[in-house]
Structures are given as structure tokens and as C-alpha cells.
Amino acid sequence: MEKRRMDKLGIETSLLGFGCMRFPTTADGKIDEEKAQAMLDKAIAAGVNYIDTAYPYHNKESEPFVGRALKKYDRSSFYLATKLPAWLVKSLDDAKRYFEEQLKRLQTDYIDFYLLHAMGGSSYRKMVELGVVEYCEKLKAEGRIKYFGFSFHDSYEAFAEILGDRDWDFCQIQLNYMDAEEQAGMRGYRLAEEKGVPLVIMEPVKGGSLSVFADDITEKLRALDHEASTASFALRWVGSLPNVKVVLSGMSAMEQVEDNLKTFSNFKPLSEQEASTIEEIVAMIRGRVQNGCTGCRYCMPCPAGVKIPECFAAWNTYHMYQNYNVVRWNWEQGIGEAAQAKNCIKCGKCESLCPQKLSIREDLAKVQSDLERKEMIL
């Protein structure tokens, strides 16, 4: 198993981290504990020593299961990461209560890597104002947490603000070859590297979007290595960055565990040819965007209640990855039937306000037609 040294902390972590948010489930939606235990055991036996969970994962069942699953292992043999559910914290007492509850759920006396979950600029400032950051620093001084960090979902500017506010032990960002310019992105990577803050990476395969492609892209990757999985190239892209110390994978089947172990047990950074091919693939995917909606929202509010920018984002993403499953939840639940494109009354108000001069009414009809088919274009 490839190991990476966090010089700042004086420890070594497995480059592959086990993300505990996508365990296999039974018919009733509960964690399939027998399968999940076997997956964790397989990963740990192969050298994975970084286990990442969080308070809300699996409808709050991930932490209790992980606590039970890891009980048979020597506590010093692995690093346990979990996260304070900051959006639920309204007071310092809330933070204290959640932390104590998490210790009990995980059946441990301390957390190795403790994160403020899903930070953005305003949510971080709230944690400072409530005294939560100071409280976590106190927990670290007491040895109840070993390393203090944050996970992040916001703009680069917010990332720079948070990263510069204190001397962080580590931080966790979303990064993959399609999101290099999103959220913290590669600018955030470089800033953390400059400040000597080790990085843990989430969504390296973009929620599975970079694991299944149409034949044209798949053939490009197979030409590089016909035995390697599509997902392995996304994992290696992230793992090729030297300040990436842990790459989290939310594995949901034993086959994924085995494939990831194959990738990280004999880890090879991307070659120049492989990196060049990935750049070509990024251009191909982005070239499938259907319209140039920037999400500026000048078209909103829609008199008919259509979520126009969201509809276009789902449509463009669907065509980029040619996979309905990538947008299923967002289209069916996030946007919902009442706000889908089919509700357009063709009044034209949106088009008169659109800086991009998009044919919004015509495009909304295409959105509905394409997404109603629920097809994989693969």
C-alpha cells in the first residue's frame, strides 16, 4: 500500500482512504453490515489505515457501524476521521454535545482527524464566533483529538480566508480532473502546498462520474492500459500530486475495494502521455455542453416557477457524462417536478433578460425531452 508522510504531523497515512458514506445497503436502506465489514477488513489487511466517516452519513448510522467494525483492531493501528456537523451547531454547547456523542458512537476515547464539516466562508465565521474553533483547539490540547482540520465546499476566496485564519493540521477538499477549477480547485491545492498544510481529497472520481464513459473515452484510456479500470486513472490523477496525502474513496462493493487496492498497492503517478490523454478527455467532456448558461440567474424568478439555471445545469451535466444516473437525484428531487422545464409557459421574459442571449424556451423543451428519456447515452 502506497504511504504518504505528513511531515507537519510526523505520521504516515495510506494514500487510499476508506470513505464510509457509500457502504452497500440492504433492501430497507440500512448498511449491509456483513458486506461492509468484509470490505473494511479487506482494505485494512492490505494496508489502508485512514478511515473517514461523518455524523450524517447513512442517515447517522455510519459512525455507530464504524465504531463496531473497528473495535476488533488495535486502536493505534489506524487513523479515524470524523466531522462535526457544523450546520446543526447553534451554540458552543451543541458542539460539545455532538463531540461527546460522536465519541460514544465510535466507541473511542479520541478522534485522530477531526474536521469542521462542509465549511464555507460564512459557516466558518459562525464557528469562530460561537467559540467552536477555540473549543476544538482545547480538545486537541487535551489529546481528545489529535489533528484539527476542515472539509470545504465554497469558492477559492473562501478557502483562502479559512486556510489563512489559523495554523491548520490538515484540510479536506474536493478535487478531480473535471473539478480542477471548481471550489478550492488547483489554486487551493497550490495554496495549501505553499503553507505546508497536508491535503485529504474527497470526490476523486466525482461521485462515480469518472468511472463510466462512452466508448470513445473508454477506448482512449484502454489504449494507455487495457487492464486498468476507468476509475483508476481519476484516482491516479489526484494521487500524482505530492501534497495529496490521502485520497478518499467511498467504496460500495467489494469489487471497488479490490480495484482500488490494485491501484494503490502498486501506485504509479501518471506519465506525461497519460496526463496528456486526461487533458484531451477533459476537453471532450466539456465539448458536450449543450448551451452556455453561466448560472447568473438574471432569468429568475420564472413566472411559472421553473428553476431555469438548475435545469440547464442538469441538462449540460447529463450530456457531458452521458449518464442519467449522474443527474437523477438532482433532476428528480433537487429540482423536482414542479420546477422542471416542462412547466415553461413560453412567456419569453427570461430571454429578454439573458446576457448570453440563449434561446431559453427552445432549450427548455430539449431539456425536458432529453431527461424524460432517462437514458444512458453510453
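Residues are numbered from 1 along each chain as its sequence is written, and side-chain values use heavy atoms, with hydrogens and water left out. Because the model is predicted, local features need pLDDT of at least 70 and side-chain atom pairs count only at pLDDT 80 or more, while totals for chains, interfaces and linings use all residues.

Let's start with helix H3 (residues 62-69) and helix H4 (residues 92-106), whose axes come within 7 Å and cross at roughly 45°. Helices here are DSSP runs of H or I with at least four residues, and strands are E runs of at least two, numbered from the N terminus. Axes are lines fitted to C-alpha atoms, for helices over the stretch in contact, with angles from 0 to 180 degrees between N-to-C directions. H3 brings Glu 63, Pro 64, Val 66 and Gly 67 to the contact, and H4 brings Gln 102, Arg 105 and Leu 106 (contact means heavy atoms within 4.5 Å).

Now compare helix H7 (residues 156-163) and helix H8 (residues 185-195), with axes that come within 10 Å and cross at roughly 15°. H7 and H8 are therefore roughly parallel to each other. On the H7 side, Tyr 156, Glu 157, Phe 159, Ala 160 and Leu 163 meet Arg 187, Gly 188, Leu 191, Ala 192 and Lys 195 of H8.

Next comes helix H13 (residues 308-321), which has 14 residues and reaches 20 Å from its first C-alpha to its last, close to the 20 Å expected at 1.5 Å a residue (the expected span is 1.5 Å times one less than the number of residues). How enclosed is H13 by the rest of the structure? Largely so, because eleven of its 14 residues are buried, where buried means under 20% relative accessible area, exposed over 50% and partly exposed in between, with a 1.4 Å probe and protein chains only. Among the buried residues of H13 are Phe 312, Trp 315 and Tyr 318. The buried residues of H13 pack against helices H12 (272-286), H14 (328-335), H15 (349-353) and H16 (360-372). Just after H13, Gln 322 takes a positive phi of about 50°.

Finally, look at Ser 249 in strand E10 (residues 244-249). Ser 249 counts as buried, at 12% relative accessibility. Leaving aside residues up to four places away in sequence, Ser 249 touches Leu 16, Gly 17, Phe 18, Gly 19 and Asn 260.

Technical notes
Angles under 35 degrees count as roughly parallel, over 145 as roughly antiparallel, 65 to 115 as roughly perpendicular and the rest as oblique.
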